[in-house]
Each structure stands twice: as structure tokens, then as C-alpha cells.
Amino acid sequence: MTATAVDHGPAESGGHAEHKSHDRTYVITAIGLAIITFAETATYLWPKVPVWDWGDGVGITVSLLVMMAVKFFFVGAVFMHLKFDNKLLATTFVAGIVLAIGVYLAVLFAFRFFSAGTHMV
Amino acid sequence: MADDTAMLALPAAERPRDLALGVFTRPRSKTGWRSWVNTVDHKKIGIMYGVSALVFLLIGGFEALLIRAQLWSPRNSLLSADQYNQVYTMHGTTMVFLVVMPIGAAFANYLMPLQIGARDVAFPRLNAFSFWCFLGGGIFLNSSWLLGGGADGGWFMYAPNSGVIYSPSHGIDFWNLGLIIAGIASLVGSVNLITTVINMRAPGMSLMKMPIFTWMTLVTQFLLLFAVPVITVAQFLLMFDRLFNANFFNVAQGANPLLWQHLFWIFGHPEVYLMILPAFGIVSDILPVFSRKPIFGYTFIVFSGVAIGFMGWGVWAHHMFVSGIGPVSVMVFSLTTMFIAVPTGVKILNWTATMVGGKLKFDTPMLFSIGLITMFTIGGLSGVSHSIAPADTQQTDTYYIVAHFHYVLFGGAFFGFVGGLYFWFPKAFGVLLNETLGKFNFWFMLIGFNLTFGPMHILGMQGMSRRIYTYDEGFGFTFWNRLATVGAFTLGSSILFLIFNIIYSVRRAKKLGLECPNDPWDARTLEWIAPNPTPEWNFDPIPTVTRVDDFWYRKYEETADHRLVRVATADEVVQHSNGAGVHLPSPSYWPLITAFGIPILCYGLIFTLWLALVGGLLIVAGLYGWALEPPDDPDAGHDHHDDHHGDAGGEHAGEPTEAEAGSEAKEMETVG
Amino acid sequence: MASVTVAEAHGHADHAHETNTGISNNKLAMWLFLGSECLLFGGLITTYLVYKTPLPGQKGPKEVFDIGFTSVSSFVLLMSSLTMVLGHSAIERGDHYRTRLWLTATASLGAVFLSGQIYEFTAFVKEGMGYTSSRFSSAFYTLTGFHGVHVTVGIIMLVSLILLSIRGKLPTERAETVEIVGLYWHFVDIVWVLIFAVVYLIPVGAPV
């Protein structure tokens, strides 16, 4: 083990600064995520804020979906390192997501989820 | 969750351990039944998949013969309606999940690592776990026969017919849980095999140099990876409905039974492609050998396989044209279904073009491959006819559908598998199957097959319904049903004949001391560089690959005027080393113990929760034992390699070429 | 995912040249598994969406959800992702003390979230919405229950990591194990991001 430590010594000190900067990124990302979460909750607490109240009820849903996607993206890209890591990993994960969205949206369309509103069975 | 917790494995033995958790001595046996129970060798696991699938084939085949015997004459009373429901449900389920899928897994496990020049899969113990889960699931499912009767809702188990009200026996619970267990096996296996293909190829083996069977395995495993969770969701919902009174398919509470159909077929359609693609891969590797030509359009074959994998996700609702999904859905899925015929057609074209102008040799594997091409084409054409929704409305739930999917799954997948068995049997067991018996076997099977399923087209057009246990005299069904029954028994005999050929050839080889040549077919792909039967260590050293069909081009070279000349005999090319110094993964009991806990847990869910607790504890104990057991046994006899872990680099410094040194470094990480 | 490879365990392997892709087998396997989990949770969320409107006279999302409470527990789970990633970066620096600290924080935040979920479930049951009450309740409990089981498995893995680290069995070379457990943990967090928006916040009856 000691031998290993020596072997890795230089590489580690070299990577030190990089890790520190990552830590900064992590904290900033987390603050951003927290703010978005607050905004999400705000759509419930104050539904009449003009930012998401477009007068037709669609605004809240759309804003929530957008905020959800942004949170999803940043957790994946930063915390799960997809931004820094081998592209193959991101491809694998995105394949799963795209496939899931594709087939399940098709199911929801077949159930007239988007057209029948509450009358859908 | 098995794989999650197990990830916390300890670093491989900083200090040697004799007893894993103080319970078991680390298994060491290399022979006898113990060597099979604790094995993590992909070859042994592949063989076990094959043998288990063969046993399930006999069970499923027996069920098929019961169906055919019942339909021999009008108003027959061999089976009651209820028994008939159970028999056809279990026939379908067994054949799909316990025969065709595991045979695909058998070939994938045995061949894929050999074809990419690896010594084992990425996670050998997980591989063993997959197999034991599959076997446990299969036995669990079939144990329902002894515990109150089999499932009776058809292999697609449509809601709400699968609810407790309509099926009060435990059959469907066994079906549900048994397939969830088998699903764990498939999911874990797919993660394992994909990782192996992506990460563990021999030096020089780029993706576009891989043998086509390996490519098709990769596509198949991706389909499994994404399709299995979908059916798992559906089965969990059904399980909660049946065991805990949830309302997912309870129409009285406003549930929509179509949810089941959607979830089932989102899984179900990729499922049919993942059953056929391994056979496509097998045929694509066999045809060039017996045509003595490289495969026509390697890239097209590969990408049409990948295309089938993608498009297979967009056609599921063609199983639901009559369920009232609405005109838009019907139109969309009609079109996608027509489109998916294109990549399949590309493959058939490529196979035909491979044979055109080749020096064809009609050995048994070749005959079965041609059988696949022709029979699958018939099944494919009847399949395209389903994509036209008005025609499909006529065909739905008739024997025409039964004829169609048997032509693609038996005439397609199974013919390919039998061809593969004849082709690679010497690779696995060092014995050539008898050629005369083999050819007889082929014609026997082909005639039996067409006699069984050919008449079903006509029966379907005449309007005979599937899943109905009898018919009346004046319907005009009797003659064609008799023909199909005669065919079914012929087909059943041909399977027994195949088993006879195996026993006969092995016995004869043993008695006469026949040595199997190392390259009996003048083969092309990498797995034949290893001698027959494949030694425990697969390759020593790991070969460096330079082109597609690498083995072939080590034997033959192209002259300036494009003629092939032999430059080496097979025996010169095949490796003859004794594997000294090769470091292999150590056997382990923990995968078996962990997998053993799962069926116990499931029996508990059905009968008494106390038993579930026992099963759960066993799983947890198995996982922790597994995680705490070093993946590699430092005390096992690895010849002289033993005490040199620390300076392995130094040891390999003496290797003659860089490529080989690289391959030794690769060998280390096969020991996961 | 079962275990580290021997090469890693003996500490003399260079990660970059180990495999064809340079990605370790364990990490690739975890990502493949997570890709597959997308389809699992996708199916459960779809089921929920199809069944989220209650029949007349039954309790629906509007009646039972306490958005304030769920917002707090969502925030807790989100922050556990931060502590997780800080734990990973601590072990990469070789700072084992801080690794344990962050991992403990992560597991604790996870446990707080889980307790919140248990509290929420009991409150719903008290209000008269049991598992079998309606199609909405079955779908809701199954979706969030599946997520809860994933959180539980994550906590077990985190605790195992902490114990390993205390016993000195989690050296810096094995930082990747922490990373892989982290991947799983972040995934569970991501799934909750979806559930929080789709299940709790998007108003029922809104033209989606």
C-alpha cells in the first residue's frame, strides 16, 4: 500500500487544485438547485405570480416541467460527473431516458392523457 | 437490489481467508458436481444454461403435445377447458422465458467472451448469480403444477382476466413471481454481458471487427436491459393487485386494463427481437464458413441488427389493434410495423448474397441455417400481413397468428440454435456430432415443423380461434388439426432424435477414442483459435486481432490476383499452450446461496410471510458473504503465479511483444 | 457491480489503460443499471399519471398532499446529493476523516427524508387513504414506495461504506466505490426531482 501511495503521490497533488475547484462547482450547483426548488414550491404557494400564471393554467405545468428538467440536468451533469466523464456513460443514461420518455409518452397519448383531461380513464 | 449491495465488495484480500464469513471453505474443486455448483466460468455457466433450457424444452414440448392431442378430434375430452388453459399458458411461458431466451443466453455466455478474445465475462460471480436466478425462477414457475395448478391466463396474461376473481388459484402468482426472478437473471446478465463486450475485447478487436454473433448479443442484451424493467413494473402491479388488493387492474375502481397490455407489449415486442437476434447472429457466423466467402455486407448486417433493436421499441401496439386504442395509434403502429420489415429484409438479402457464388458445403449446421432463412422468411411475410390493420382484425386471436409466431420463433430462432449446436458442439465438448444422423435430424425436423404449423395458416383463415380447448364437428377443422397433430409428434420425435444423436456421438467418440480436429469446419471467427474443447483459460496468450474473421486470415492469405492461398494449417494457428500462469477467477458458493433465497422469499409471499422472512435473510446473508469474500482466492493454486501479485509488472516484462504484455494486463481485470 | 477487480485491488493498475474504453467495469455496469432503472420508474410514473384523478367521492392529491412538508423533505434529499459528492471529492483527496463525515451526513439526510415519507404515509392512512382505497392511492403508494425502497438500499450501502472506512478498508485507491454508490444516490435524488414536480406540484386537472 505504501508503494502505491508513493506511486500516486505526484498525480494526486497535481489533481488537488482541480478537486478544490470542483467542490466550488458542487456548492454553487447545490445553491442553484435549492433556489429552483424554492421557485417550484412558490408556484404552489403563490400561483398568481405573473411569471407562471399565463391565465390558462398551462403556465404552472410548463414552468414546473422546465424547472424539473433543469434540476435533472444539473444533478446529472455535475453531481454525477456526466459533464466531465467519458461520453459513453452519458450516452447509456440518455438512451434509457429517451427510450423511457418515448415509449411512455406514446402510452399516455394512446390513453388520450393530453386531450381528455380529467375525463380520461 | 442484489447487484447494488454487492458492489460494496471488500478489496481483494489484503490478507488470505480460509473461511468466507467463517462458514464455507472457499471452494477449490475443479471436477465433479461441486465444480459445477460453485463455478464462475462462463463456459460452464453457458453449458448449464443450455442443459437447463433443454430440460425445460422437454417440459414445454410435452405441454405442446398435450395441446395437439386434445385438438386431435372435435369435442375431445383429454383435457378439460381449465386444464387446457393452464397447459397452453405454461407452454407459451416455458418456451419463451425458459427455452428460447436461455438458449440465447447459453450461446452468449459460452461464445461471446471467446469471440472477443476475453478469458471470462466482466463479473463472473454475477454471471453465476444470473444463471441460478434463471434456474430458480424456472423451477419456481413449474412448481405451480404441484401446488394448485399452473397459470391460466395465456403467456400475455391480460388484465382483468388475470385478477383473483377470474383466476383464484395461485397459478398466476407463480407465473408473476417466477418471471420476476427470471427477469432479475436477465437484467443482471445484460449488465454483465454489455460491460464485457464494451470493455474486455482483445487488443485490436474494435467494435467493427467483432464477429456478428457478438454484435447481435450486444444488441440483444441492450434490448433486455431496457425491456426487462418494463415487464417487471407490470408484474409488480399485478402482484400487488393479486396479493395486496391494489387497484391497478380493478375495473370496479376505474382501472384501465389496457395499461397492462401497453406495459406488457412495450416489453413484449423487444422481447421477440431479443429471441430472434441471437439466432440471426449464429446464422451470420455459420453461413460464411460453409459458403467459403466472407459475409456479404458485414456493416449492413451489423447495422440492420442495431436498427431492428431500435425500431423494435416502436411497434408494440400492433399487438393491440383490436383493443380500441384509436385510429391514430393504429395508423402509426401499422406504419412502424411495415418499416421494421426493412432491416429484417436486409439481413435475408445479405445471407442470400453470401451464399451466391460461394463454394457451398451442405453440412448439418448449414442445412439448419438455410432452414432458418427459408422458414423465417415465411414467418416474416405472414408477419407483414399483420401490419395491415384491417387484415389483422381478421387474423387476431386465430391460428393464423399461432402459425406466424411459430414460423419465426421455431422456424427462425430454434432452427438457428440447433444449427449453432451442431456447429459449436466440438468447440464445447471436443466431439463432432454425427453428420448422417444430423442431416436426417434436419429433414425430420423440417418436415415435422411444416406439417405442424403449415396447416395452422389455413385453420386461422377458416376462423379457428386460439386458446379454445375444442371445436365442433361440422366446422371443417378436423382434417387440418389432425395433420398438425401428426406433425407435432413428428417434431417432438425429431427433438428426441437430436438428443439421441448427442448421446450416440459422445459415446462413440469416447469408445473409439476419437480425437476431434481443432478446426473441423475450416472456420473463420476468433473462438476457433482456442483448441477443442476450450481449455479453462480460453486463450494463452490473448490473441491480437487485425481484421474481421481473424482466424481465417491467419490460415489464408490473398494473393495479388485476389486468390486465397493457404499459408498455415489450422493446427499451426490454434494455440497449444498449457495455460500456466493464467490467473482465473475463483469459484464461489455465494451467488448460488443468494439466488436460492429469492424463490424462498417468493414462496413466502404466496403462502406465509414467515417464509418470506427466511428467504430475505438468506438473500441478505448471501449478499454480505459475497461482498466480504474477496473476488479472488489468494490461496488457490494458480501455479507459479501465486506470490507475485505485487510485482506482476516485472514478471511480464519478459514477455516477447508489447501486444502480449498488454494482453496479460487485460487478463488481470477479467477477475471481477 | 459485484466487486472490485483484482487489478484495482492490488493497487498497481492504471485505470486509464485497463479496459477498452478506459471506464472501469464497475462504473460502466452501474450506469447501465441506472439506464435500465429509467424504464422502471418511467413505468411507475406513467401508471401514476394514468390513475391520478380520483373517482367521485374518493380522496385525491388535492385533498391529501401537504406541499409545504414535502417541499422540505425534497430539499433535504436534494442537499444529501451535495454532501454525497463532497464525500466523494474528500476521498479522492485522501481525506478519510471528511469522507466519513460527509457520508454520515448523506446517510442521515437520507434517513430524515425516509422518516418524512413514513410520517406522510401514516398521516394519509389516518385521513382514510389506505393502499387499497382507490386507483390513485395504489398508484401513489407504489410509486413513492418504490422510491423509498431505493433510498433504503442507498442508506444501507452508505452505512456499509462508512463502516468499511472506519475499519480502514476504504483506501484512497477505492475512491471509485464511493463514486459508484454516489451515482446510485444521485439517481435516486433525480427520480425524486421528477416525482416532486410531476406527482406533488403539477395541479391535478390542469391541462398538462
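**Helical features of chains A and C**

Helix 2 of chain A is followed by A:His81, a residue whose phi is positive, near 65 degrees; helices here are DSSP runs of H or I of at least four residues, and strands are runs of E of at least two, both numbered from the N terminus. The model is predicted, so that local features need pLDDT of at least 70 and side-chain atom pairs count only at pLDDT 80 or more, whereas totals for chains, interfaces and linings use all residues. Residues are numbered from 1 along each chain as its sequence is written, chains are lettered from A in the order in which they are written, and side-chain values use heavy atoms, with hydrogens and water left out.

Chain A contains three helices and zero strands, in the order α-α-α along the sequence. Of the 121 residues in chain A, 42% are buried (under 20% relative accessible area, with a 1.4 Å probe and protein chains only).

In chain C, C:Ser74 is found in helix 4 (residues 67–93) and, because its relative accessibility is 5%, counts as buried. The side chain of C:Ser74 makes a polar contact of 2.9 Å with the side chain of C:Trp192, a polar contact being a pair of N or O atoms within 3.5 Å, of which, within protein, one must be able to donate a hydrogen and the other to accept it, while residues adjacent in sequence count only if both atoms are side-chain atoms. Not counting residues up to four places away in sequence, C:Ser74 touches C:Trp192 and C:Phe196 (heavy atoms within 4.5 Å).

Methods
Buried < 20%, exposed > 50% of the residue type's maximum accessible area, 1.4 Å probe, protein only.
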